[in-house]
Structure formats: structure tokens, C-alpha cells
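Please examine the sequence and the model shown here.

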Amino acid sequence: MNNSITAIIPARAADSEIPNKNILPFAGKNLLTHKIDQLSTVPAISSIIVSSDSDEYLDYASSAGVTPVKRPIELSALDSSFADFVRYTTTIIKDQHILWA
């Protein structure tokens with residue numbers, strides 16, 4: 001049995017309130033980098049994936065040493081279904097456990 005945990009950070013660029021909020025400056029970094037740094041300290045997490053429609057966000061993920069995964073455009077719109085995104089995520093993660101961050 002595989003007891004590995006994959007942490008997934010869903011980070012789309014579109015936001016109805018604050019566009020690109022994940023990469024705005026916050027306490028010397030940005031929110032995406034802070035989240036990656038936090039998850040990197042958890043020993044039980046075997047891998048971290050950033051799922052995004054934004055190449056810029058995916059570049060941050062690569063620079064931080066985590067796995068960038070380009071999210072399909074149909075799962076990136078503001079009106080896209082979160083349930084569809086969850087189903088999609090289960091097809092790209094092979095670990096038994098998923099942590100949403």
C-alpha cells in the first residue's frame with residue numbers, strides 16, 4: 001500500500017476579486033512561494049504539485065523545486081467546476097493520499 005502524500009496547490013491566475021493574487025508581494029515573498037515553503041517542511045509529504053493555467057506560476061514552482069503541471073484551460077475559467085478539477089487531479093496524482101493546500 002502506498003502511504004505517500006502529494007500536496008497539490010491549485011493556483012489559477014484568474015480571480016474575480018484580485019487577479020494574480022498568488023504572486024503579489026507578501027511579507028518579502030509571494031503567497032505561492034510561502035505555501036511551497038510551508039509544505040516543504042512537512043516530512044510526510046512526498047511531493048508537491050502546483051497546478052496552474054499560468055506559465056508564470058509554473059515558473060515559480062519550477063524555481064522552488066516542485067512539480068509544475070499545466071492545468072487544462074477548461075478547468076481554469078472562473079466558472080469551471082471544482083468537482084471537474086478534483087476528478088482531473090486524481091488522474092495526475094499516483095499517491096494514495098492528496099493534501100489540498
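Helices (H or I, at least four residues) and strands (E, at least two) are DSSP runs, numbered from the N terminus. The model is a predicted one: local features need pLDDT of at least 70, side-chain atom pairs count only at pLDDT 80 or more, and totals for chains, interfaces and linings use all residues. Residues are numbered from 1 along each chain as its sequence is written, and side-chain values use heavy atoms, with hydrogens and water left out.

A polar atom of the Ser-52 side chain lies 2.5 Å from the backbone oxygen of Ala-11. Contact means heavy atoms within 4.5 Å. Not counting residues up to four places away in sequence, Ser-52 touches Ala-11, Arg-12, Tyr-57, Leu-58, Val-69, Lys-70 and Arg-71.

Some of these names return in the description of the largest pocket. A pocket is found on a 1 Å grid over the protein atoms alone: whereas a cavity is a set of points where a 1.4 Å probe fits but cannot get out, a pocket is an open set with protein on both sides within 12 Å along at least five of seven lines, and lining residues have an atom within 4 Å of a point. Rolling a probe the size of a water molecule over the atoms shows where empty space is left. The largest pocket holds about 210 Å³ of space; grid points are joined across faces, edges and corners, and a volume is the space filled by probe spheres set on the points. Its lining comprises 13 residues, of which Pro-10, Ala-11, Arg-12, Ala-14 and Arg-71 lie nearest the centre. By class, the lining of the largest pocket has 6 nonpolar, 3 polar and 4 charged residues; Ala, Val, Leu, Ile, Met, Phe, Trp, Tyr, Cys and Pro count as nonpolar, Asp, Glu, Lys and Arg as charged, and the others, Gly among them, as polar.

The side chains of Thr-6 and Ser-47 are joined by a polar contact of 3.1 Å. Such a contact is a pair of N or O atoms within 3.5 Å; within protein, one must be able to donate a hydrogen and the other to accept it, and residues adjacent in sequence count only if both atoms are side-chain atoms. Leaving aside neighbours within four places in sequence, Thr-6 is in contact with Ser-46, Ser-47, Ile-49, Ile-93, Asp-95, His-97, Ile-98 and Leu-99.

Charged side chains form the next topic. How many salt bridges are there? The count comes to 3, a salt bridge being a side-chain nitrogen of Lys or Arg within 4 Å of a carboxyl oxygen of Asp or Glu. One of them pairs Asp-55 with Lys-70 at 2.7 Å, N to O. Because Asp-55 lies in helix 2 (residues 55–63) and Lys-70 in strand 5 (residues 67–70), this pair ties together parts that are 15 residues apart in sequence. Lys-70 is partly exposed, at 44%. In another, Asp-84 and Arg-87 bring their closest N and O atoms to 2.4 Å. These two residues are 3 apart in helix 3 (residues 82–92), so about one helical turn separates them. Asp-84 is partly exposed at 34%, whereas Arg-87 is exposed at 52%. Lys-29 and Asp-37 also form a salt bridge, with closest N and O atoms 2.4 Å apart; Lys-29 is partly exposed at 38%, as is Asp-37 at 32%.

Most residues other than glycine have a negative phi. Asn-20, however, has a positive phi near 60°; this residue sits in the loop between strand 1 and strand 2 (25–26) and is partly exposed at 31%. Ala-27 likewise has a positive phi, near 55°, and occurs in the loop between strand 2 and strand 3 (29–30), where Ala-27 is exposed at 65%.

Finally, Leu-31 is located in helix 1 (residues 31–40) and is partly exposed at 37%. Leu-31 touches Lys-21, Asn-22, Leu-24 and Phe-26, again not counting residues up to four places away in sequence.

Methods. Buried < 20%, exposed > 50% of the residue type's maximum accessible area, 1.4 Å probe, protein only.
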